[in-house]
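Student: Hello! Could you take me through this structure step by step?
Tutor: Gladly, let us open it and go through it together.

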Amino acid sequence: MISSPSLSTPAASGLKPVRRALLSVTDKTGLVDFARHLTNHGVELVSTGGTARALREEGLKVLDISELTGFPEMLDGRVKTLHPKVHGGILHIRDNAEHRSAVESHGIQPIDMVVVNLYAFEKTAARPGATFAEVIENIDIGGPSMVRSAAKNFEDVAVVTSPGDYPALIAELEANQGALGRETRWKLAKAAFSLTAAYDTAIANALEQFSDSRPEAAVTLANLAEAPFPASLRISYPIAFPLRYGENPHQRAALYSNQSGTGIAGAEQLQGKELSYNNLVDLDACWELVQEFDQTAVAIIKHTNPCGVAIGQSVLEAYQKALASDPVSAFGGVIGINRVVDAAAAEEIAKLFVEAIAAPGYSPEALARFAGKKNLRLITVRNAPIDRVIKQVSGGLLLQDADSARIAAADLKMVTTRQPTEAEIDSLLFAWRVCKHVKSNAIVYARNGQTLGVGAGQMSRVDSARFGAMKAVLPLAGSAVASDAFFPFPDGLEAIAAAGAASVIQPGGSVRDPEVIAAADRLGIAMVFTGVRHFRH
Ligand SMILES: NC(=O)c1ncn([C@@H]2O[C@H](COP(=O)(O)O)[C@@H](O)[C@H]2O)c1NC=O
């Protein structure tokens, strides 16, 4: 539950008493307690159907909205609060004599506080199988109207849109004998407009899923990746927290989250220094990498590229193999692990200086071992696959499907005279999965579920092949190599063979494939094509 930023100052100026509050909430968390505090200060409660019921059940005195408006709630709840007695009661300016006489002559009573949270539209629209009619019916009309009215008239009215704000408001009401300060009303108003903006963004985005001609024919999609690209890209992610600085200390930065509590932005930090911008980027890279594997996997990342990746029977084994791959570069890196970290693994990992670790969890013994390393950032992550990726370019944004392509042994096309052994195929597929997470041009040497050398981000493929080999500390003889894109010339393949590789996995598709295949045959290399490319820019 997110509350409005820094609603925490009980001492206040520009105080306005709250005498009548209108409560109409879908999320009833904390409602009764908050309403009880209001009544303790003599506030009269007015409510819509379900909210009034919830309050009465707990013994609170409530006026039904229909009594206030003199009109029944009608049209299946489509019209409950959409009435001049509600909006006039909220919107009139208390210091304006004409406004006052207008409301008095129409029997409109002032409403000083509006407590509203909206129909759970986003949840309904995200539910696979939700029908068009259900999605439409879950568009809240009366709630946002009241929220906007109250936020506009913040000089006189407090608008409360998040149960997360109740405790701070209770404290302020207590401190000021049932009144709220101007600063609080203003902060609440800003949060309210941010909420209605996000709500409308969610509606506009969700409706893109339904066709122009027969929207009712479709149900919401289980997988956003199948949905058409939006005609207009609207993003509304509230701020999660400000960061000390960005990629460099002279750049300001903040993290924004989709509030799902998943992924790196939704991770829980258990200990350690504040997460930095670069930590978050690297943690994301290593978390995404280890999600490639069903087996226990560990990835050590430096500047978004892996310097060691391995799978193993245990976290300890996978970690030791990953570290052995490039122990020098691993210093000061971040680690991604796709299993709960146990005591044995924690004992070993704690010997290395690393910035941060992302894992689905940690055993109590592992936590106790890490507790001694005060600066080490530990985060637990709930996985949520990314459907689409956004990148900024000057003047615009690029949107693409996430690279979720997965290759299995059955997808491979054998193109050389010598065919890879089963063990070689396993190593090739391992290298291929790692290679997808290495900046292009990417060349990954591997064997037995362990990287041996990673050639990343070079402007020529042959240089990546050479660098990967140059960095290797473990022997490369008989290794398996993945190349994220085809070899435009035989030279890259020749460099790999010279380093000792015996098998290669690559997409194929070059006009010079026949030359490259002939070179592999000449060098005794078993080569397979995936038909899929994994550029990473
Ligand atoms: N139609 C209206 O006039 C109206 N007024 C308030 N609501 C919403 O009704 C919900 C609360 O309903 P209830 O108190 O019956 O549980 C709130 O989420 C509120 O935003 C309305 N519903 C939808 O538009």
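Student: How do the axes of α8 and helix α10 cross, and what does that make α8 relative to α10?
Tutor: In this predicted model, the axes of α8 and helix α10 (residues 182-207) come within 9 Å and cross at roughly 150°. Angles over 145 degrees count as roughly antiparallel, so the direction of α8 relative to α10 is roughly antiparallel.

Student: Is the crossing of α8 and α10 left-handed or right-handed?
Tutor: Handedness describes how one helix is turned against the other. For α8 and α10, the crossing is left-handed.

Student: Which residues of α10 does α8 meet, and how many residues of the contact are nonpolar?
Tutor: From α8 come Pro144, Val147, Arg148, Ala150 and Ala151. Facing them in α10 are Ala189, Ala192, Phe193, Leu195, Thr196 and Tyr199. By type, the contact of α8 with α10 has one charged residue, one polar residue and, for the number you asked about, nine nonpolar.

Student: α8 also meets α4. Are α4 and α8 roughly parallel or roughly antiparallel to each other?
Tutor: Their axes come within 8 Å and cross at roughly 25°. Angles under 35 degrees count as roughly parallel, and therefore α4 and α8 are roughly parallel.

Student: Which residues of α8 make the contact with α4?
Tutor: On the α4 side, the contact is made by Val86, His87, Ile90 and Leu91. The residues of this contact divide into five nonpolar, two polar and one charged. On the α8 side, the residues are Met146, Ser149, Ala150 and Lys152.

Student: What about the ligand: which element gives the most residues to the shell around the ligand?
Tutor: There are 21 residues around the ligand, and Thr48, Gly50, Thr51, Gly142 and Gly143 come nearest. Elements giving two or more residues to this shell are β2 (20-25), α2 (49-57), β5 (113-117) and α8 (142-152). With three residues, the element that gives the most is α2.

Student: How many residues of the shell around the ligand are polar?
Tutor: Let us sort the shell by type. Seven of its residues are nonpolar and three are charged. The number of polar residues is eleven.

Student: Which element gives the most to the side of domain 2 that touches domain 3?
Tutor: In this contact, 18 residues of domain 2 meet 16 residues of domain 3. On the domain 2 side, α11 (277-290), β12 (305-312) and α12 (315-325) each supply at least two residues. Giving eight residues, the top contributor is β12.

Student: Are α17 and α18 roughly parallel or roughly antiparallel?
Tutor: The axes of helix α17 (residues 461-471) and helix α18 (residues 490-499) come within 8 Å and cross at roughly 10°. With angles under 35 degrees counting as roughly parallel, α17 and α18 are therefore roughly parallel.

Student: Which residues of α18 make the contact with α17?
Tutor: From α17, the contact is made by Arg461, Val462, Ala465, Arg466 and Ala469. From α18 come Asp491, Gly492, Ala495, Ile496 and Ala499.

Student: Where is leucine 75, and what is its phi?
Tutor: Leucine 75 is found in the loop between α3 (65-69) and α4 (84-91). Although leucine 75 is not a glycine, its phi is positive, about 55°.

Student: Is the peptide bond from serine 440 to asparagine 441 cis or trans?
Tutor: Asparagine 441 lies in the loop between α16 (422-435) and β19 (443-447). With omega near -5°, the peptide bond from serine 440 to asparagine 441 is cis.

Technical notes. Residues numbered from 1 in each chain as written. Predicted model: local features only at pLDDT ≥ 70, side-chain atom pairs only at ≥ 80, totals over all residues. Contact = placed C-beta atoms within 7 Å. Helix = DSSP H or I, 4+ residues; strand = E, 2+ residues; numbered from the N terminus. Near = placed C-beta within 6 Å. Nonpolar A, V, L, I, M, F, W, Y, C, P; charged D, E, K, R; others polar. Axes fitted to C-alpha atoms, helices over the stretch in contact; angles between N-to-C directions. Parallel < 35°, antiparallel > 145°, perpendicular 65-115°, else oblique. Left-handed = near helix turned anticlockwise from the far one by under 90°.
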